[in-house]
Amino acid sequence: MEAKESLERDWSSLLPELLNLIVRNLTEISDFVRFRAVCMAWRSSTTITDLLPQFPWILECHNFLKDDLRFYSIHFGKTYSIHAAKSLGKWLIGLSINYIKIFDITRQVLSLLNLLKDHEIPIPAYDCDKYPNWKGPWQNQMGVQMLCYGPAGCRNPKLVFYHLDQNNWSELIIGSDYVNCDITNCNLFYLDGMLFIVLRDTGVTKVMDVSTNTPAYIIPPVEGYSTKGTEYIMAASGDILRVFQYCDPSADLRQYCFIIHRLHINESGSVCWVEVDNIGNHALFIDMNDGFVLRACDFAGIKRNCIYNLTKMRMGIWEAASCSVERIDIETGAREQFPYPLKKPRGWFVPVL
């Protein structure tokens, strides 16, 4: 009788202290969701904010969304399949950290979609029921604004920003006397109200204050600048990092290397890029389109002062492209490869409830 009574115990009556202890040990989002689905008592004992920040997933490559989306976690070594009804029948055009960007070609509507909530945020058209062409990072490190450029020629281009919190657009006019180049031949990055314009031909970085629409400063190119690579500019707890990715021609296999510089302001007010081999308690996540920075102490499983690089690799003219997921220690250069069971990678995605 005693054994039977123990089996029929009401688990919904567990003390809140025990439930809180259990939740603090649920590091995987799927376990957290299952915990909250047990009963009303367990669900009411937690909030969404109790979930620990999740190690980024890798989204499998898709263009037209007609099936469930699949993700892979290198931290847990698991594949996840998510059914997002609002994404079906639409085009996937990019990622934005916690969202995917989708386009409904029938209704001609661009949206941001939180996959885990299946919550869609329609973006209003910019001008004459049209959207600007996307220019700049696919990912949006700030999570609030996205950078793109509107109709413009080679001179006096018009850049427009969408403000998610205000659901409207703002414009920025860049005079040709400041840029003095074709804006389409530049890399554009937006960080904390500052627009970074990197001239690909020379490596010069010109910075504008978006709030005042005025030039801030000009940063000379780094020593040995090369156009044969990909450049990223990211914010890391107040620091501005310039990350240059290039292919090592001396390696037997195609191997990507990185050079990192930090923006330094001298006492005289002049600015320059200073090469560093330590970014402190941060990690860089880079894929084929863009990159972002996370604080390692905020995410379980992330190693500090490292680069998590996701890339497609082509080994030869007749060989199919393959995927490489590796962690690179910035200080020592040590590399660790991770398995990737899905067919094609699209980019890093941070799951958020």
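1. A salt bridge is taken here as a side-chain nitrogen of Lys or Arg within 4 Å of a carboxyl oxygen of Asp or Glu. The structure is a predicted model, in which local features need pLDDT of at least 70 and side-chain atom pairs count only at pLDDT 80 or more, whereas totals for chains, interfaces and linings use all residues. Residues are numbered from 1 along each chain as its sequence is written, and side-chain values use heavy atoms, with hydrogens and water left out.

2. By this rule the model has nine salt bridges, among them the pair Arg34 and Asp31, whose closest N and O atoms are 3.3 Å apart. Both residues belong to helix H3, three residues apart, or about one turn of the helix; helices (H or I, at least four residues) and strands (E, at least two) are DSSP runs, numbered from the N terminus. An α-helix has 3.6 residues a turn, so residues three or four places apart point the same way. With buried meaning under 20% relative accessible area, exposed over 50%, and partly exposed in between (1.4 Å probe, protein chains only), Arg34 counts as exposed at 54% and Asp31 as partly exposed at 30%.

3. Arg107 meets Asp104 at 3.0 Å, N to O, and Asp104 is buried at 10% relative accessibility. Arg335 meets Glu326 at 2.7 Å, N to O; Glu326 is buried at 5%, while Arg335 is partly exposed at 29%.

4. Helix H3 (residues 29–36) has Ile29, Ser30, Phe32, Phe35 and Arg36 as its buried residues. Their cover includes H2, helix H4 (40–44), strand E1 (57–60) and strand E4 (78–82), where contact means heavy atoms within 4.5 Å.

5. Strands E1 and E4 also belong to an open sheet of four strands, ordered E4-E3-E1-E26 with antiparallel pairing, where two strands pair if DSSP finds at least two bridges between them. E4 and strand E26 (345–349) are the edge strands, each pairing on one side only. Within the sheet, E1 and strand E3 (residues 69–73) pair over two bridges, and the bridge partner of Ile58 in E3 is Tyr72.

6. Strand E17 (residues 230–236) is largely enclosed by the rest of the structure, because six of its seven residues are buried.
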